[in-house]
Amino acid sequence: MTNLAVAGTGYVGLVAGVCFAEMGHHVTCVDIDEDKVNLLRDGISPIYETGLEELMRKNYAAGRIQYTTDYQAAYRAADAIFIGVGTPEQPDGSANLSYIATVARQIAESIEQDCLVVVKSTVPVGTNDKVEQFIRDFLVHDVKVEVASNPEFLAQGSAVHDTLHAERIIIGTESAWAEELLRRIYAPFQLPIVAVNRRSAEMIKYASNDFLALKISYMNDIANLCELVGADIQDVAQGMGYDPRIGNQFLNAGIGFGGSCFPKDTKALANLASQHGYELRTVQSAIRVNADQKTMLYKKASKRLITFNGLKVAVLGLTFKPGTDDLREAASLENVPLLLEQGAEVHAYDPVGAANFARLYPEGAHGKGSIRYVSDPEEALTEANVCFILTEWGEIRQLAPEAYHRLMRTPLVYDGRNLYEVAQMRDANVEYHSIGREPSLRSRVKESKILG
Ligand code: UDX
């Protein structure tokens with residue numbers, strides 16, 4: 001058992017802390033927010049993450065994890081301190097390191113024994129050299145301190161699972177002492193460990209995330225071409241995925257990638273390259289394709305309809321992906337304002353993310369348009385003139401094609417997640433536009449209209 005402190009109780013910090021406790025370490029999670037700490041002590045997670053609260057309660061009851069705002073006490077007794085605070089994107093695309101600097105300073109002023117500081121936050125290559133120097137400059141006691149890089153690869157919604165069953169643990173250290181200590185801390189996880197130097201570890205994180213972002217943008221680019229030449233991206237992806245050099249995951253064309261990592265990490269790496277006088281052309285292209293992809297369906301629909309003014313528009317899904325309430329860089333944040341500007345009556349449904357969206361766009365009028373939040377997708381579709389599917393929630397996927405035809409005033413659907421077979425929608429007499437596939441056009445006017 002090792003005494004660990006974790007700075008920051010967001011996605012990265014809290015999940016890491018809870019998983020370390022689950023592996024038998026003694027963990028103290030530190031956060032500056034008193035209210036948040038009180039909630040954590042009550043076993044309530046500030047983030048929506050499958051299985052997290054269960055593990056929080058179990059390990060809290062077993063005395064393996066505690067939460068505090070008293071960083072001095074937590075850092076003083078720690079063998080290793082993990083930093084999991086945010087590195088938000090700045091207007092120029094670079095990472096804001098002020099939270100890391102604050103924690104680094106607190107660590108320097110608190111530690112009274114030799115200590116390894118482990119940075120889990122995603123930081124530009126070379127940052128941890130500076131963090132180490134910064135801590136040493138501000139040290140109050142004469143102790144040994146070193147900084148290691150230990151990036152994580154968890155995806156939101158499956159963060160606990162991804163941490164406990166990671167494909168690999170990356171540890172970037174500059175001494176045998178640091179490497180040994182990290183190997184010991186991770187030994188109970190029984191996962192493959194890749195030990196490299198600090199800068200390589202920092203780069204592995206960016207290179208991995210940006211490669212995945214590139215893969216998505218590549219598929220979106222090919223999907224757009226598929227539409228022009230009459231190919232089907234789903235079939236193309238399936239055929240590609242059998243080649244193990246390509247792999248069959250992350251080949252889903254759609255409405256672009258969102259979330260807290262890919263958009264930020266692609267820009268940060270392109271930015272780092274340009275600071276070194278290098279143009280990272282592949283990643284820049286991925287960023288450009290993604291920016292266009294987010295409003296691809298809106299542009300298609302704008303060409304098809306004379307106006308959105310006064311139309312009832314069902315928006316199904318607001319979060320950047322299912323299984324989370326997170327809206328960061330979600331396609332909804334680009335499409336809904338465009339619809340409102342054009343005077344649409346938006347009826348939005350999301351099983352988890354609606355409350356967060358309503359904080360940004362409260363229910364009611366917004367200029368010419370308006371927005372209402374509904375608690376089931378069928379209600380959103382009722383009497384709608386057009387529907388946009390933006391997130392592949394199970395609740396949306398399970399709607400039968402026939403429901404769109406039955407409920408909507410005009411069954412016109414723009415699906416950014418390719419949830420349905422085109423043929424099924426054609427059979428249900430729904431006009432259906434998706435990504436990288438031929439559209440299905442309605443063959444008959446909606447019967448209910450003819451019958452009145
Ligand atoms: C991602 C990485 O998966 C994770 O390893 C890293 O640590 C953090 O960033 P996350 O952002 O939580 O995790 O979600 P992910 O499931 O990877 O999806 C990111 C975005 O890409 C979503 O908007 C998703 O809809 C989109 N995506 C994903 C696609 O459009 N197509 C795909 O094939 C896969």
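User: Where is C261 found?
Analyst: C261 is in the loop between α10 (233–241) and α11. Helices (H or I, at least four residues) and strands (E, at least two) are DSSP runs, numbered from the N terminus.

User: What should I know about the model itself?
Analyst: It is a predicted model: local features need pLDDT of at least 70, side-chain atom pairs count only at pLDDT 80 or more, and totals for chains, interfaces and linings use all residues. Residues are numbered from 1 along each chain as its sequence is written.

User: Back to C261. Buried or exposed?
Analyst: C261 counts as buried because it has 23 C-beta neighbours inside 10 Å. The cut-offs: 20 or more other C-beta atoms within 10 Å of a residue's own is buried, 12 or fewer is exposed, in between is partly exposed, with C-beta atoms placed from the backbone.

User: Which UniProt annotation covers C261?
Analyst: The record, an unreviewed entry, has "active site" there. UniProt positions follow the numbering used here, feature names are shortened, and annotations may be inferred rather than shown by experiment.

User: And where does UniProt place "binding site"?
Analyst: The unreviewed entry puts it at D31, K36, T87, T122, K264 and R328. They span 298 residues in sequence and the farthest two C-alpha atoms are 25.5 Å apart, so they do not all gather at one spot.

User: Take K264. Where is its place, and is it buried or exposed?
Analyst: K264 is in helix α11. It counts as buried because 20 C-beta neighbours lie inside 10 Å.

User: What about R328? Where is it found, and what is it in contact with?
Analyst: R328 is in the loop between β9 (312–316) and α14 (332–341). With 18 C-beta neighbours inside 10 Å, R328 counts as partly exposed. Leaving aside neighbours within four places in sequence, R328 contacts G258, G259, S260 and F320. In contact means C-beta atoms, placed from the backbone, within 7 Å.

User: Switching to helix packing. At what angle do α9 and α11 pack?
Analyst: Helix α9 (residues 198–229) and helix α11 (residues 262–275) pack at about 115°, with axes 9 Å apart. Axes are lines fitted to C-alpha atoms, for helices over the stretch in contact, and angles run from 0 to 180 degrees between N-to-C directions. The two, α9 and α11, are therefore roughly perpendicular to each other. Under 35 degrees is roughly parallel, over 145 roughly antiparallel, 65 to 115 roughly perpendicular, and the rest oblique.

User: Which residues meet there?
Analyst: From α9, Y206, N209, D210, L212 and A213 meet F262, D265, T266, A268 and L269 in α11. That contact of α9 with α11 divides into 6 nonpolar, 2 polar and 2 charged residues. Here Ala, Val, Leu, Ile, Met, Phe, Trp, Tyr, Cys and Pro count as nonpolar, Asp, Glu, Lys and Arg as charged, and the others, Gly among them, as polar.

User: And α9 with α10, what angle?
Analyst: About 130°, with their axes 9 Å apart. So α9 and α10 are oblique to each other. M219, I222, A223 and C226 in α9 meet I233, V236 and A237 in α10. By class, the contact of α9 with α10 has 7 nonpolar, no polar and no charged residues.

User: Last one. What is I216 in contact with?
Analyst: Beyond its neighbours within four places in sequence, I216 contacts F250 and F257. I216 is in helix α9. With 21 C-beta neighbours inside 10 Å, I216 counts as buried.

How values were computed
Contact = placed C-beta atoms within 7 Å.
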